[in-house]
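Morning, everyone. Please have the sequence and the model open while I talk.

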Amino acid sequence: MILLGVTAMLPPNTQTSLALVAVLLLLWLLLRVREPEVHRARRTPLTPAELARMTFDAVRADDVRAWRELFLVGGNATQALGGAAEAWLEACTPAALGPDFAKLRRDLPAGARFLGGRADAENRAFLLVQTGSDPQHELLVGRFVRVGSALRLLEPASGPFHIAAE
């Protein structure tokens, strides 16, 4: 009521402008409330060092879903695993990765500094870190496969997921 009284004392052009601004603000607020969740882009490591860096970032952020994104998904899984892809995808869930992720979190000391990553002949990825003046030590991230130019984790450090052959 007070707002109507104040706007009644304004010239007609100002009243129209004020009403238009109020309507636009209301529409903006309604759209902000209904705005969909932002979908983050999936990161694509091309080298073992990039894979290790993305793992380090996920562990530091305590984000098991970000770590899960480094594993095979969808078409990549089919390309790498063929007919076993569906069973593998059902087995590779954030809950199934939880124990390996928790172990990485425990093994990565607070204040650790990222040094790099490396791979061995068996396509196992290692995260290289240093804490304080201690020499570098490495943490096993898991085994990876190359899908096109990208590296994707195939299994966590604890070993392969059970993929039903039946």
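This is a predicted model. Start with helix H3, residues 48-60. H3 has 13 residues, and from its first C-alpha to its last it reaches 18 Å, close to the 18 Å expected at 1.5 Å a residue.

Which residues of H3 are buried? They are Leu-51, Ala-52, Met-54, Thr-55, Phe-56, Ala-58 and Val-59. And what covers them? The cover includes helix H4 at 64-68 and helix H7 at 94-107. It also includes the strands E1, at 113-119, and E2, at 124-130, as well as E3 and E4. After H3 comes Asp-62, which has a positive phi, near 55 degrees.

Now the strands. E3 covers residues 137-147, and E4 covers residues 150-156. The two run antiparallel, joined by six bridges. Together E3 and E4 make a hairpin, with two residues between them. Gly-148 sits in that turn, and its phi is positive, about 65 degrees.

Last, the whole chain. It has seven helices and four strands, and along the sequence the order is α-α-α-α-α-α-α-β-β-β-β. Of its 166 residues, 30% count as buried. The accessible surface is about 10,500 Å², and carbon and sulfur atoms account for 61% of that. Take the contacts between residues at least 6 apart in sequence: 53% of those join residues at least 24 apart.

Methods:
Residues numbered from 1 in each chain as written. Predicted model: local features only at pLDDT ≥ 70, side-chain atom pairs only at ≥ 80, totals over all residues. Heavy atoms only, no water. Buried < 20%, exposed > 50% of the residue type's maximum accessible area, 1.4 Å probe, protein only. Contact = heavy atoms within 4.5 Å. Areas by Shrake-Rupley, 256 points an atom, 1.4 Å probe, with all protein chains shown as cover. Pairing = 2+ DSSP bridges. Expected span 1.5 Å × (residues − 1).
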